[in-house]
Amino acid sequence: LLIDENTAPDLDKIIKRVCEKLCIPVNMVLSFVYSSSEIQASCISISDTKCILNFSSSLINLLETDELSFIIGHELGHFIYQHQSLSSKKENLEFFMLKRAQEISVDRIGLIACGNIRLASNALLKTVSGLGHKYIKFNINQYISQAGKINLPKIGEGVNSTHPSMLFRCRALLWFSMDD
């Protein structure tokens with residue numbers, strides 16, 4: 001389903017607000033929502049001036065409106081940095097390290113888009129856990145302190161992983177948010 005002012009006006013407003021904040025002309029972005037029980041979002045670059053954002057219905061239903069700004073910004077970050085064109089077809093150690101670094105970079109764009117570390121970290125934790133606001137009471141500092149209790153805080157960040165562990169991502173976001 002195309003997201004526009006007629007079919008999903010609230011989502012359309014969020015996407016337009018994020019595009020404006022990131023200085024991306026709205027006509028460069030086409031957005032769609034599709035039915036899925038998976039919590040997913042993606043950005044497909046069609047060219048240097050056009051991209052498609054795809055959001056699963058489960059993701060849209062899970063997150064609060066302001067948390068969606070983080071996800072939209074994160075996905076648009078892939079477009080801004082042209083990550084699709086930088087991707088190597090050769091899946092070696094360097095490829096996976098680059099993919100993890102890209103995720104940290106676009107998390108920062110997501111934070112800029114939503115403008116609030118609490119919203120950004122809530123969005124990350126909800127997407128990884130699948131739990132909504134009814135069950136999650138999240139404090140980023142408390143969450144990051146778990147790293148000291150875990151022998152391998154980078155667990156889930158194997159050699160062949162395209163995403164850093166959630167603890168690592170939240171810590172990197174927190175540090176970025178404290179930088180002027």
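Modeller: A residue is termed buried when its relative accessible area is under 20%, exposed when over 50%, and partly exposed in between. The model under discussion is predicted.

Biologist: Why is R169 called buried?

Modeller: R169 has a relative accessible area of 7%. The cut-off for buried is under 20%, so R169 is buried.

Biologist: What makes the contact of R169 and D107 a salt bridge?

Modeller: The criterion is a side-chain nitrogen of Lys or Arg within 4 Å of a carboxyl oxygen of Asp or Glu. For the side chains of R169 and D107 the N to O distance is 2.7 Å, so the pair qualifies as a salt bridge.

Biologist: Why does the pair R17 and D66 count as a salt bridge?

Modeller: The closest N and O atoms of R17 and D66 are 3.9 Å apart. The limit is within 4 Å, so the pair is a salt bridge. It joins R17 in helix α1 to D66 in helix α3, 49 residues apart.

Biologist: How do you know that R17 and D66 are partly exposed?

Modeller: R17 has 42% relative accessibility, and D66 has a relative accessible area of 42%.

Biologist: What makes K16 and E5 a salt bridge, and where do the two residues lie?

Modeller: Their side chains meet at 3.7 Å, N to O. The limit is within 4 Å, so the term applies. K16 is in helix α1 and E5 in the segment before α1, eleven residues apart. Salt bridges that share partners join E5, D12 and K16 into one network. In total, the structure holds five salt bridges.

Biologist: Why is the lining of the largest cavity described as having six nonpolar residues?

Modeller: The lining consists of L11, I15, F55, I60, L68 and I72. Leu, Ile and Phe count as nonpolar, so the lining has six nonpolar, no polar and no charged residues. Helices α1 (9-21) and α3 (65-80) each give two or more residues to this lining. The volume of the cavity is about 30 Å³.

Key:
Residues are numbered from 1 along each chain as its sequence is written. This is a predicted model: local features need pLDDT of at least 70, side-chain atom pairs count only at pLDDT 80 or more; totals for chains, interfaces and linings use all residues. Side-chain values use heavy atoms; hydrogens and water are left out. On a 1 Å grid over the protein atoms alone, a cavity is a set of points where a 1.4 Å probe fits but cannot get out, and a pocket is an open set with protein on both sides within 12 Å along at least five of seven lines; lining residues have an atom within 4 Å of a point. Grid points are joined across faces, edges and corners, and a volume is the space filled by probe spheres set on the points. Helices (H or I, at least four residues) and strands (E, at least two) are DSSP runs, numbered from the N terminus. Buried means under 20% relative accessible area, exposed over 50%, partly exposed in between (1.4 Å probe, protein chains only).
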